[in-house]
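Let's take a walk through this fold, strand by strand and pocket by pocket. Have the model open as you read.

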Amino acid sequence: MKYFINIIALLILFIPITITAAEEKNNAPSPQQISKNTDDVTGDSQKETIVLKGILFSRDTDYFMDTWATVTSTNDRKWKIPYEGGYDPKLQFIDLNHDNVKDIFYQSATGGSGGLYYYKLHTLKNKQLKEIKLAEQYYVKAEFKDNYKVEVQLSPEKEPNIVDVEDQASEYIQLGIYNKQGKLLKKTSAMIDPIAYYEPVLISERKGYGLKSYQQISGAYHADQLGTVETLWYYEKDKWIILKTKWVPSK
């Protein structure tokens with residue numbers, strides 16, 4: 001009898017756990033289709049079907065914790081391209097590497113305070129899936145200078161851009177960057193964000209498309225925005241080259 005009672009007690013203990021696990025499985029978000037497109041992304045003059053799918057973090061959010069694209073050819077050959085998650089994921093089909101075949105350009109918003117996006121660029125020319133690394137800005141420097149100035153250098157060949165930050169002098173003094181006379185107390189760099197946003201742009205009918213990037217520079221903290229580095233890129237001989245870059249101050 002005692003043995004029987006112990007068995008009943010164990011069943012009572014584990015039944016709620018089993019039900020909870022089943023409920024969680026039933027309530028878990030399932031993969032959903034975000035977009036469906038047809039385009040020739042292999043260069044065989046036949047349109048492939050490209051479906052972007054994702055799994056939401058939860059049912060009460062618009063954030064996708066996982067996204068991917070499936071590309072299906074007319075002969076049912078398939079490719080799967082994994083992506084980062086994010087908000088509002090989307091695909092664009094543009095020939096960015098200028099091989100006369102449209103590439104697959106992915107973007108989604110991270111949702112962070114910096115306005116950053118996830119990006120991926122792939123080519124499927126000749127039915128070979130390859131990732132094309134996106135452009136990176138290797139030479140940008142931003143440093144505080146005496147008299148409440150920030151010097152922004154975009155390239156070694158160009159004169160630096162000077163940003164006057166005297167209206168925030170009291171804050172910088174409190175942070176220990178300057179003294180009351182505007183003397184820099186120690187060598188201090190401004191905050192240089194990674195490229196936050198890429199935008200495909202038409203360079204010309206002959207040259208085709210390139211990318212425009214936006215990169216924020218801030219002072220002592222992220223909300224202390226000084227301006228944005230805007231750069232126009234073009235893909236040539238397997239690398240991104242800068243066509244033009246400029247400094248756009250926030251004030």
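How many bridges join β2 to strand β3 (residues 63–72)? Eight, and the two strands run antiparallel. Before going further, a word on ground rules: this is a predicted model, where local features need pLDDT of at least 70, side-chain atom pairs count only at pLDDT 80 or more, and totals for chains, interfaces and linings use all residues. Residues are numbered from 1 along each chain as its sequence is written, and side-chain values use heavy atoms, with hydrogens and water left out.

Back to the sheet. Strands here are DSSP runs of E with at least two residues, helices are runs of H or I with at least four, and both are numbered from the N terminus. Two strands pair if DSSP finds at least two bridges between them. On one side, β2 is joined by seven bridges to strand β1 (residues 32–39), again antiparallel, and there Asp 39 has Glu 48 of β2 as its bridge partner. With β3, Gly 54 has Thr 67 as its partner, and β2 and β3 make a hairpin with six residues between them. Strand β2 (residues 48–56) is largely enclosed by the rest of the structure, because seven of its nine residues are buried. Buried means under 20% relative accessible area, exposed means over 50%, and partly exposed is in between (1.4 Å probe, protein chains only).

How far can you trust all this? pLDDT, the predictor's confidence in each residue from 0 to 100, has a mean of 89 over the protein chain, with 88% of residues at 70 or more. Confidence is lowest in helix α1 (residues 2–27), at a mean of 46, and highest in strand β8 (residues 130–131), at 98.

Now for the pockets. On a 1 Å grid over the protein atoms alone, a pocket is an open set of points with protein on both sides within 12 Å along at least five of seven lines, and lining residues have an atom within 4 Å of a point. The largest pocket has 17 lining residues, with Tyr 119, Leu 134, Ala 135, Ile 195 and Tyr 198 nearest its centre. Strand β7 (residues 117–123) gives the most to that lining, with four residues.

Ala 135 also leads us to Ile 242: the two are 107 residues apart in sequence, yet 9.0 Å apart in space, C-alpha to C-alpha. Ile 242 sits in strand β16 and counts as partly exposed, at 40% relative accessibility. Leaving out residues up to four places away in sequence, Ile 242 touches Gln 137, Thr 231, Leu 232 and Trp 233.

The lining of the second largest pocket includes Tyr 235, Lys 237 and Asp 238. Lys 237 lies in the loop between β15 (225–236) and β16 (239–249), and Asp 238 is found in that loop too. Neither is a glycine, but phi is positive for both: near 55 degrees in Lys 237 and about 65 degrees in Asp 238. Lys 237 is exposed, at 76% relative accessible area, and Asp 238 is exposed as well, at 69%.

Strand β13 (residues 197–204) pairs with strand β14 (residues 208–218) in the antiparallel sense over seven bridges, and Glu 199 has Lys 212 in β14 as its partner.

Technical notes. On a 1 Å grid over the protein atoms alone, a cavity is a set of points where a 1.4 Å probe fits but cannot get out, and a pocket is an open set with protein on both sides within 12 Å along at least five of seven lines; lining residues have an atom within 4 Å of a point. Contact means heavy atoms within 4.5 Å.
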